[in-house]
Amino acid sequence: MTKGYKMPKGFLWGGAVAAHQLEGGWEADGKGVSIADVMTAGRNGVPRKVTDGVKDGEIYPNHWGNDFYHRYPEDDKLFAEMGFKCFRTSIAWTRIFPNGDEVEPNEAGLKFYDDMFDDLLSHGIQPVVTLSHFEIPYHLVKEYGGFSNRKMIDFFLHFAKTVFERYQDKVKYWMTFNEINNQTAWSDPHPLLQNSGLQLNDDDNWEQAMYQAAHYELVASALAVQAGHAINPDFQIGCMVAMCPIYPLTAKPQDIMMAERAMQKRYWYGDVHCLGEYPKWLPKYFDRKGFDMDITAADLATLKAGTVDYVGFSYYMSFVTKGRDGDSDYDFKEPEDFVENPYVEKSDWGWQIDPTGLRYAMNWMQDRWHLPQFIVENGFGAYDKREADGSVHDDYRISYFRDHILAMEQAVALDGVDLIGYTPWGCIDLVSASTGEMAKRYGFIYVDADDNGQGSFDRSKKDSFDWYQQVITSDGEDL
Ligand code: BG6
């Protein structure tokens with residue numbers, strides 16, 4: 001056993017999921033179609049397709065997820081057995097507003113989350129809720145062009161206020177947009193759709209569209225923060241960024257400058273969320289690129305007035321980049337400008353494994369944004385083998401978590417980072433966001449379902465279940 005550092009009293013140990021990846025019940029009780037419902041199954045190295053509506057003969061894994069919609073009481077018991085203090089999930093926007101532009105919410109959808117949150121609370125587990133986690137109503141994409149349209153700010157705000165009002169006594173910790181900075185890879189259509197509901201044509205300016213959509217999201221987030229605090233001053237409302245620090249390949253000054261620009265391009269969203277203003281380099285960049293942005297003085301005042309209470313972030317991996325000879329623009333482009341890191345191992349999906357990067361990133365964010373942090377995702381997607389007796393010996397997952405939790409604890413105990421909690425991703429097996437597979441498993445709890453939705457969907461404990469239980473029981477000391 002590795003000796004770790006005890007986390008402070010009240011530290012929120014738990015687990016994380018997102019509604020569309022585990023609930024299933026995609027048409028239950030009046031739910032509408034979300035963008036996740038028109039994404040087909042992909043595979044390792046094979047991207048998911050986005051169909052024009054739900055089509056016969058296609059496989060849509062989010063339609064069944066892991067069937068949490070019908071089985072959550074059983075799952076909550078298992079979370080409680082592990083000792084969870086909190087459970088991060090999202091509210092499927094389409095359960096509350098099936099099309100997204102209705103005035104009145106769907107009562108059956110609201111009731112589902114009432115019951116589910118009550119069940120968690122009865123086990124002493126507090127819900128931590130993301131408002132928009134890759135599941136914008138599909139109708140808003142088709143009719144309004146997603147967040148390319150300023151009207152989306154009002155639709156999002158109406159949704160946010162509705163659930164803030166309804167769950168004000170059940171949920172304290174909220175986040176607005178999941179991994180808002182994933183769309184930095186703007187030349188890939190998937191993050192543009194998942195984050196912002198954008199479906200662009202070849203002749204559109206994709207990069208400008210991304211910055212514009214992100215701006216509207218940031219304004220929507222700032223308005224939601226203000227509305228939430230007015231409804232319940234005790235609310236803690238955070239942002240959520242995908243934290244993958246980007247290192248320079250060497251000490252060559254051009255590599256260092258490129259890595260700096262890469263960090264600026266990936267984390268300006270956090271600057272706006274946390275500091276309430278655009279960083280100086282970005283308007284210059286818009287000018288240089290000739291981007292004609294719709295950013296008003298009123299928007300800038302809103303951003304300043306709606307800064308977040310904490311930084312929620314995911315951490316899976318780090319990246320590396322290098323400068324280009326003779327190029328002084330340093331127009332870092334993701335993922336083209338990433339290079340291999342010769343010093344770290346990778347998962348089967350090519351994700352670089354770098355626990356020290358987590359400690360580095362936590363220090364970097366503390367110095368830059370001066371806010372409490374919440375690690376709301378971290379984990380190891382792997383092919384698990386279920387033995388004949390039902391056991392899963394996932395020592396590789398335990399080893400990943402041991403190293404990352406130790407790095408997290410060092411950041412807190414040795415570096416003074418202010419950390420609210422830790423919720424490992426996919427604490428129960430669910431559908432992968434990037435590939436749509438069940439085979440890419442993250443859980444402490446195994447779900448007997450395959451990529452085509454075949455199986456009993458029965459739950460069983462992996463070896464990592466007992467290990468994580470011991471971590472929580474010892475408050476992080478026994479790793
Ligand atoms: C994050 C997302 O990108 O990483 C989750 O917030 C996602 O929704 C998780 O599932 C892991 O990624 P993947 O592609 O392995 O499911």
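Select Phe 134 to begin. Phe 134 sits in the loop that runs between strand 3 (126-132) and helix 5 (138-144). This is a predicted model. Look at the backbone here: phi of Phe 134 is near 55°, a positive value in a residue other than glycine. Most residues other than glycine have a negative phi.

Next, go to Pro 335. This residue lies in another stretch of chain, the loop between strand 8 (319-321) and strand 9 (338-339). Most peptide bonds are trans.

Now for the helices. Select residues 206-231, which form helix 8, and residues 253-275, which form helix 9. Their axes come within 10 Å and cross at roughly 25°. An angle under 35 degrees counts as roughly parallel, and helix 8 and helix 9 are therefore roughly parallel to each other. The crossing of helix 8 past helix 9 is right-handed.

Show the side chains where these two meet. From helix 8, pick Glu 207, Met 210, Tyr 211, Ala 214, Leu 218 and Ser 221. From helix 9, pick Lys 265, Trp 268, Tyr 269, Val 272 and His 273. How do the residues of this contact divide by class? There are 7 nonpolar, 2 polar and 2 charged.

Colour the contact residues. Helix 9 supplies Met 263, Tyr 267, Gly 270, Asp 271, Cys 274 and Leu 275. Helix 12 supplies Trp 364, Arg 368 and Trp 369. By class, this contact has 6 nonpolar residues, 1 polar and 2 charged.

- Ser 434: an N or O atom in its side chain is 2.4 Å from an oxygen atom of the ligand.
- Lys 440: an N or O atom in its side chain is 2.7 Å from an oxygen atom of the ligand.
- Ala 433: here a polar backbone atom is 2.7 Å from an oxygen atom of the ligand.

Definitions and conventions:
Residues numbered from 1 in each chain as written. Predicted model: local features only at pLDDT ≥ 70, side-chain atom pairs only at ≥ 80, totals over all residues. Heavy atoms only, no water. Axes fitted to C-alpha atoms, helices over the stretch in contact; angles between N-to-C directions. Helix = DSSP H or I, 4+ residues; strand = E, 2+ residues; numbered from the N terminus. Parallel < 35°, antiparallel > 145°, perpendicular 65-115°, else oblique. Left-handed = near helix turned anticlockwise from the far one by under 90°. Contact = heavy atoms within 4.5 Å. Nonpolar A, V, L, I, M, F, W, Y, C, P; charged D, E, K, R; others polar. Polar contact = N/O pair within 3.5 Å; in protein donor to acceptor, adjacent residues only side chain to side chain.
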